[in-house]
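Hi,

Here is the structure I promised to pass along.

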Amino acid sequence: MTVKEIVSVLKTAKKIVIGYGANAVPFDKDDPLVLDAYGNYVVDAVCATDEDYYEINILMRPVKAGEEW
């Protein structure tokens with residue numbers, strides 16, 4: 001699933017963050033630019049961190065030296 005698909009079912013979420021690697025950034029589901037920026041990333045996991053607070057972790061692919069990324 002993509003971030004956009006996951007966010008569409010988290011209608012009551014009060015806070016969402018996007019996690020990737022060791023980083024996490026706030027995600028405003030009502031901001032079309034933020035949805036455009038992150039919406040098509042493939043989701044690795046969704047974690048509930050508190051009541052109506054979620055972390056969406058996007059899939060990370062390791063890249064070896066010399067590989068295209």
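Thr2 sits in the segment before H1, where helices (H or I, at least four residues) and strands (E, at least two) are DSSP runs, numbered from the N terminus. Thr2 counts as buried because its relative accessibility is 19%; buried means under 20% relative accessible area, exposed over 50%, and partly exposed in between (1.4 Å probe, protein chains only). Leaving aside neighbours within four places in sequence, Thr2 is in contact (heavy atoms within 4.5 Å) with Gly39, Asn40, Tyr41, Val42 and Val43.

Before I go on, a word on the source. This is a predicted model, in which local features need pLDDT of at least 70 and side-chain atom pairs count only at pLDDT 80 or more, while totals for chains, interfaces and linings use all residues. Residues are numbered from 1 along each chain as its sequence is written, and side-chain values use heavy atoms, with hydrogens and water left out.

Now the overall picture. The protein has two helices and four strands, running α-β-β-α-β-β from the N terminus on. Its C-alpha trace spans about 45 × 25 × 20 Å along the principal axes, and 28% of the 69 residues count as buried. The exposed surface comes to about 5,200 Å², with 54% of it supplied by carbon and sulfur atoms (Shrake-Rupley method with a 1.4 Å probe; for residues, only the protein chains shown count as cover).

The strands make an open sheet of four in the order S2-S1-S4-S3, with mixed pairing; two strands pair if DSSP finds at least two bridges between them. S2 and S3 are the edge strands, each pairing on one side only. S1 and S2 are antiparallel over five bridges, and Ile18 has Val25 in S2 as its bridge partner. S3 (residues 43–50) and S4 also pair in the antiparallel sense, over six bridges, with Cys47 opposite Glu55 in S4. Two residues separate S3 and S4 in their hairpin, and Asp52 in the turn has a positive phi of about 60 degrees.

Phe27, Tyr38 and Tyr41 are linked into a cluster by ring pairs; rings of Phe, Tyr and Trp (its six-membered ring) pair if their centres lie within 6.5 Å, with planes under 30 degrees apart counted as stacked, over 60 as edge-to-face and the rest as tilted. There are two aromatic pairs by this rule. Phe27 is buried because its relative accessibility is 6%, whereas Tyr38, at 22%, counts as partly exposed. Tyr38 and Tyr41 form a tilted pair, at 6.3 Å centre to centre and 45 degrees between the planes.

Finally, Asp30 lies in the loop between strand S2 (23–27) and helix H2 (32–38) and is exposed, with a relative accessible area of 64%.

Best wishes
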